[in-house]
Amino acid sequence: MRKPVVGVIGNAHRVENRFQVQMVGERNLRAVAEVSGGLPVMFAGSPDITDIGALLDTVDGIVLTGARANVHPTRFNVDPCEAHEPYDIHRDEVALALSVACVARGIPLFGICRGLQEMNVAFGGSLHPEIREIPGRMNHRMPRLENGEIHPDPTVVFADRHDVDLTPGGAFAELLGCDKIRVNSLHGQGILDPGKRVLIEGIAEDGTIEAIRIAEAKTFALGVQWHAEYDPQHNPINRKLFEAFGQAMVAKQRAAA
């Protein structure tokens with residue numbers, strides 16, 4: 001049996017403020033290759049050159065990665081604000097349609113950080129642009145130095161920062177073998193109202209939604225707010241998630257054989 005092919009969404013980026021490119025973080029690619037056992041292939045988050053039907057005919061699974069850009073507020077009927085930029089409206093168009101298509105076609109889907117947010121919006125949910133502004137919430141953004149720059153040490157940036165209570169008997173609790181985990185936190189935006197088919201399966205100690213499952217999906221359709229691609233070789237929580245994603249893709253291949 002061949003390696004599962006995994007489509008990993010690209011993000012719009014400008015090099016030297018001149019050259020428009022699509023890029024994806026290497027940690028995502030390595031997690032897919034080294035833990036899920038798949039062949040990662042980046043596809044463009046651009047609707048004019050990404051045919052979703054053709055893409056899903058080609059891959060065995062999809063990963064919607066984290067990204068700096070927020071999902072555009074008009075996607076959940078809120079006016080945009082400069083303070084919450086940047087946006088990536090082209091990725092929005094691809095990712096939201098792709099989330100629904102994956103679930104409909106029974107193709108394993110793993111949403112990470114922005115990916116979880118996209119899955120929620122795709123099924124009719126809403127987001128809050130700055131979770132930390134809600135009374136009682138912690139600052140979920142990545143650690144920074146006193147001068148405002150991002151902390152240079154990745155072990156500090158990706159360090160576990162808060163607990164997540166998992167739904168007893170839910171998919172995450174069954175998969176991870178526990179009802180409480182501790183995770184990293186590198187996001188500003190987060191889920192406000194869950195979509196119609198979005199089941200909440202993990203909540204941070206401050207009430208922030210951290211883990212979701214799409215109801216009645218035929219296969220793996222999970223989203224996490226933390227960056228599960230960080231060090232899955234040694235982090236048992238992240239490793240189990242990527243292993244389960246890989247197992248779902250193998251099961252899909254066998255069913256189609």
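Visitor: By class, how is the lining of the largest pocket divided?

Guide: This is a predicted model, where local features need pLDDT of at least 70, side-chain atom pairs count only at pLDDT 80 or more, and totals for chains, interfaces and linings use all residues. Residues are numbered from 1 along each chain as its sequence is written, and side-chain values use heavy atoms, with hydrogens and water left out. Ala, Val, Leu, Ile, Met, Phe, Trp, Tyr, Cys and Pro count as nonpolar, Asp, Glu, Lys and Arg as charged, and the others, Gly among them, as polar. The lining of the largest pocket has 10 charged, 15 polar and 17 nonpolar residues.

Visitor: Which strand gives the most to the lining of the largest pocket?

Guide: A pocket is an open set of points on a 1 Å grid over the protein atoms alone, with protein on both sides within 12 Å along at least five of seven lines, and lining residues have an atom within 4 Å of a point. Helices (H or I, at least four residues) and strands (E, at least two) are DSSP runs numbered from the N terminus. Elements that each supply at least two lining residues include helix 1 (26–36) and helix 3 (89–105). The most, three residues, comes from strand 2.

Visitor: What is the volume of the largest cavity?

Guide: A cavity is a set of grid points where a 1.4 Å probe fits but cannot get out, and a volume is the space filled by probe spheres set on the points, which are joined across faces, edges and corners. Among the residues that line the largest cavity are Asp160, Arg182 and Trp226. Its volume is about 30 Å³.

Visitor: Is Thr50 buried or exposed?

Guide: Thr50 sits in the loop between strand 4 (39–43) and helix 2 (52–58). Its side chain reaches the backbone oxygen of Ala44 at 2.6 Å. Buried means under 20% relative accessible area, exposed over 50%, and partly exposed in between (1.4 Å probe, protein chains only). At 12% relative accessibility, Thr50 is therefore buried.

Visitor: How many disulfides does a search of the whole structure find?

Guide: A disulfide is a pair of cysteine sulfur atoms within 2.5 Å. For Cys113, the closest cysteine sulfur is in Cys102, 19 Å away, so the two are too far apart for a bond. Cys113 is buried at 5% relative accessible area, and Cys178 is partly exposed at 24%. The number of disulfides found in the whole structure is zero.

Definitions and conventions
A polar contact is a pair of N or O atoms within 3.5 Å; within protein, one must be able to donate a hydrogen and the other to accept it, and residues adjacent in sequence count only if both atoms are side-chain atoms.
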